Amino acid sequence: MARKAESSNRLDDAARAGWLYYVAGRTQDEIASVMGISRQSAQRLVSLAMAERLIKVRLDHPIAACLEMAARLKEKYDLKHVDVVPSDPGSQSTTVGIAEAGAAEIERWLKSVEPVVLAIGTGRTLKATIDQLPSMECPQHRIVSLTGNIRLDGSAAYYNVIFSMADTIKARHFPMPLPVLVSSPEEREVLHKQSLVQIALELGAEADAAFVGVGELGPDAPLCEDGFLARDEMARLMAAGAAGEICGWMFDHEGVLLPDSINERVASVPLPPRDRASVIGIAKGRRKYEALRAALKGRIINGLVTDEATADYLLRVLDRAAGRGTAASASFS
């Protein structure tokens, strides 16, 4: 108990030092004087505040290149919302930058006085995004999980975020109490008739906005790593033309859901209608390139939060396609 109290006190000190440094604008020497500690201790406490994610930084100044890319993507893919953040060439993180931007967009929806229904996917990117949300009181809103939170072995999925999000924003929340994939279409039909599942399905259809990750495919894909799909089945899907997945729904390189038994076994809530709702994909990185391109081409998503490098790829792919189209038109003229 003493050790736990000591740890809690240190985090309190780190939070105080972090606030003084980042919000009050005090120097480390001033923090040391105010808190009655050495400058080295003040420096360590400020570092601890960052390491423990007690401090969350947002960049308010719009970067012209990112704004231009966002505008071009929005026009070319006919999107409702686009946010492009700067790329860090030296970072291997698949979430830094876009998690903060995604959280800012979710927060914008949550600030609505009128009640809204938000549908939330699952995965590493969504977890990082929800971790960036500030504490809020949103009793007027409802949030529903699009994806089941149970693995095939019955254990809970680590990256299901509905409960942590509900704790942060104090909103009514509705989990999807099923696996991502079930054994057969018949089993899914039976499970979807359960009253608790029916509530989630109905809310998903009513959602005003959905926030989803865009999953790449391969033996190291999240669906395999997290125990939802066997690697041999993943190989068969890719051989059949699968390019990516969103909430377990598999689609091909044209952004069309696979006409295969895999999608008949997906127990996830279907995405809300894109002609009415915003379905915003949050993803970046080379491994996501093809899945994102296909999802945008097939209008599986109509909103995007990504980084400069990914946006550049998506625009170059469009430009090449437009060039091929012009050449083909010329040959027939």
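This section describes a helix packing, the aromatic pairs and the nonpolar cores of a predicted model.

Two packed helices are described by the angle between their axes and the distance between the axes. Helix 2 spans residues 28-35 and helix 3 spans residues 39-51. Their axes lie 8 Å apart and meet at an angle of about 105°. Angles of 65 to 115 degrees count as roughly perpendicular. Helix 2 and helix 3 are therefore roughly perpendicular to each other. On the side of helix 2, the contact is made by Gln28, Asp29, Ile31, Ala32 and Met35. Helix 3 contributes Arg39, Ala42, Gln43, Leu45 and Val46. Six residues of this contact are nonpolar, two are polar and two are charged.

Aromatic pairs were examined next. A pair of aromatic rings is described by the distance of the centres and the angle of the planes. The structure holds two such pairs. One joins Tyr21 and Tyr22, with ring centres 4.9 Å apart. The planes of Tyr21 and Tyr22 stand at 85°, so this pair is edge-to-face. Tyr21 is partly exposed, at a relative accessible area of 32%. Tyr22 is also partly exposed, at 38%.

Tyr289 and Tyr313 make up the other pair, which is stacked. Here the centres are 4.3 Å apart, and the angle between the planes is 10°. Tyr289 belongs to helix 13 (residues 289-297), whereas Tyr313 belongs to helix 14 (residues 308-332). The pair therefore ties together parts that are 24 residues apart in sequence. Residues under 20% relative accessible area count as buried. With a value of 12%, Tyr289 is buried. Tyr313 is buried as well, with a value of 14%.

The largest core has 63 residues. Within this core, Leu73 and Ile246 have the most contacts. Helix 13 supplies the largest share of the core, six residues. A second core is separate and has 27 residues. Among its members are Ile98, Leu133, Ile162 and Met165.

Terms used:
Residues are numbered from 1 along each chain as its sequence is written. This is a predicted model: local features need pLDDT of at least 70, side-chain atom pairs count only at pLDDT 80 or more; totals for chains, interfaces and linings use all residues. Side-chain values use heavy atoms; hydrogens and water are left out. Axes are lines fitted to C-alpha atoms, for helices over the stretch in contact, and angles run from 0 to 180 degrees between N-to-C directions. Helices (H or I, at least four residues) and strands (E, at least two) are DSSP runs, numbered from the N terminus. Angles under 35 degrees count as roughly parallel, over 145 as roughly antiparallel, 65 to 115 as roughly perpendicular and the rest as oblique. Contact means heavy atoms within 4.5 Å. Ala, Val, Leu, Ile, Met, Phe, Trp, Tyr, Cys and Pro count as nonpolar, Asp, Glu, Lys and Arg as charged, and the others, Gly among them, as polar. Rings of Phe, Tyr and Trp (its six-membered ring) pair if their centres lie within 6.5 Å; planes under 30 degrees apart count as stacked, over 60 as edge-to-face and the rest as tilted. Buried means under 20% relative accessible area, exposed over 50%, partly exposed in between (1.4 Å probe, protein chains only). A nonpolar core is a set of buried Ala, Val, Leu, Ile, Met, Phe, Trp, Tyr and Cys residues joined through side-chain atoms within 4.5 Å.
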